[in-house]
Amino acid sequence: MAGRTSTLTRTSSLAEIAEAAPEASGLWEVHLAYRMASMNSVVDFKAVVDFVRLGAFFDGRASMAYVTGGREAMRVPADIEGELTADLALLDVRMQEGVMKRAPFHCSGEARPDGKQYEGKWHMPCLRPDTCGCDGNSGYFSLTRVD
């Protein structure tokens, strides 16, 4: 094959991303239900995020509220990114402070019939692998369009 060169071509999905322009995706509420074994209660992590999308991919920053017993205990900055299609939401939620900073929440859910909400499960690795070594934690999540 001397004298012949081959040209690499982008897949169609890579070409679409390269040609896409970032666009506002509106306000969405992220909700993670986290069972705290130490307190024998559920802490709701909630945030309203103004996502920016690039094709099916999105990214946003928010102030994640820790809500327990219906009362907000504190807020922590969080990065939220992932992929959103008509049928599926895949997102990672990364707290930026505190013990939850050690491991991201990996969320996967399916679209509800109205197309404005996704529901599913989240999983996070063990927060203390050096002393605990468990399989991590999991729970319920939802992503809901609010505007």
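Does Cys134 count as buried, exposed or partly exposed, and what is the relative accessibility behind that label? At 38% relative accessibility, Cys134 is partly exposed, where buried means under 20% relative accessible area, exposed over 50% and partly exposed in between (1.4 Å probe, protein chains only).

The model is predicted: local features need pLDDT of at least 70 and side-chain atom pairs count only at pLDDT 80 or more, while totals for chains, interfaces and linings use all residues. Residues are numbered from 1 along each chain as its sequence is written, and side-chain values use heavy atoms, with hydrogens and water left out.

## Overall composition

The protein chain contains 1 helix and 8 strands. Helices (H or I, at least four residues) and strands (E, at least two) are DSSP runs, numbered from the N terminus. Read from the N terminus, the order of elements is α-β-β-β-β-β-β-β-β. Of the 147 residues in the chain, 33% count as buried. Contact means heavy atoms within 4.5 Å. Among contacts between residues at least 6 apart in sequence, 39% join residues at least 24 apart.

## The barrel

The 8 strands close into a barrel in the order β1-β2-β3-β4-β5-β6-β7-β8, with antiparallel pairing. From one strand to the next, the twist averages 25 degrees; axes are lines fitted to C-alpha atoms, for helices over the stretch in contact, and angles run from 0 to 180 degrees between N-to-C directions. Two strands pair if DSSP finds at least two bridges between them. Strands of a sheet pair through backbone hydrogen bonds, either parallel or antiparallel. The table lists some of the pairings.

| Strand pair | Sense | Bridges |
|---|---|---|
| β3 (residues 57-68) and β4 (residues 71-84) | antiparallel | 12 bridges |
| β4 and β5 (residues 88-95) | antiparallel | 7 bridges |
| β5 and β6 (residues 105-111) | antiparallel | 6 bridges |
| β7 and β8 | antiparallel | 8 bridges |
| β1 and β8 | antiparallel | 5 bridges |

The hairpin of β3 and β4 has 2 residues between the strands, and Gly69 in this hairpin takes a positive phi near 60 degrees. Val67 stands opposite Glu72 in β4. The hairpin that β4 forms with β5 has 3 residues between the strands. Leu84 is placed opposite Ala89 in β5, and Leu88 faces Glu110 in β6.

Ser142 is buried, with a relative accessible area of 5%. Leaving aside neighbours within four places in sequence, Ser142 is in contact with Glu29, Val30, His31, Gln117, Tyr118 and Glu119.

## Aromatic rings

A pair of aromatic rings is described by the distance of the centres and the angle of the planes. Rings of Phe, Tyr and Trp (its six-membered ring) pair if their centres lie within 6.5 Å; planes under 30 degrees apart count as stacked, over 60 as edge-to-face and the rest as tilted. By this rule there are 8 aromatic pairs. The rings of Tyr34 and Trp122 have centres 5.5 Å apart and planes at 5 degrees, so this pair is stacked. Tyr34 belongs to β1 (residues 23-36) and Trp122 to β7 (residues 117-124), so the pair ties together parts that are 88 residues apart in sequence. Both Tyr34 and Trp122 are buried. One aromatic cluster is formed by Tyr34, Phe45, Tyr66, Phe105 and Trp122.

## Cysteines

A disulfide is a covalent bond between the sulfur atoms of two cysteines; here the term is applied to a pair of cysteine sulfur atoms within 2.5 Å. A search of the whole structure finds 0 disulfides. Cys126 is in no disulfide, and the nearest cysteine sulfur, that of Cys134, is 3.6 Å away. Cys126 is buried, with a relative accessible area of 11%.
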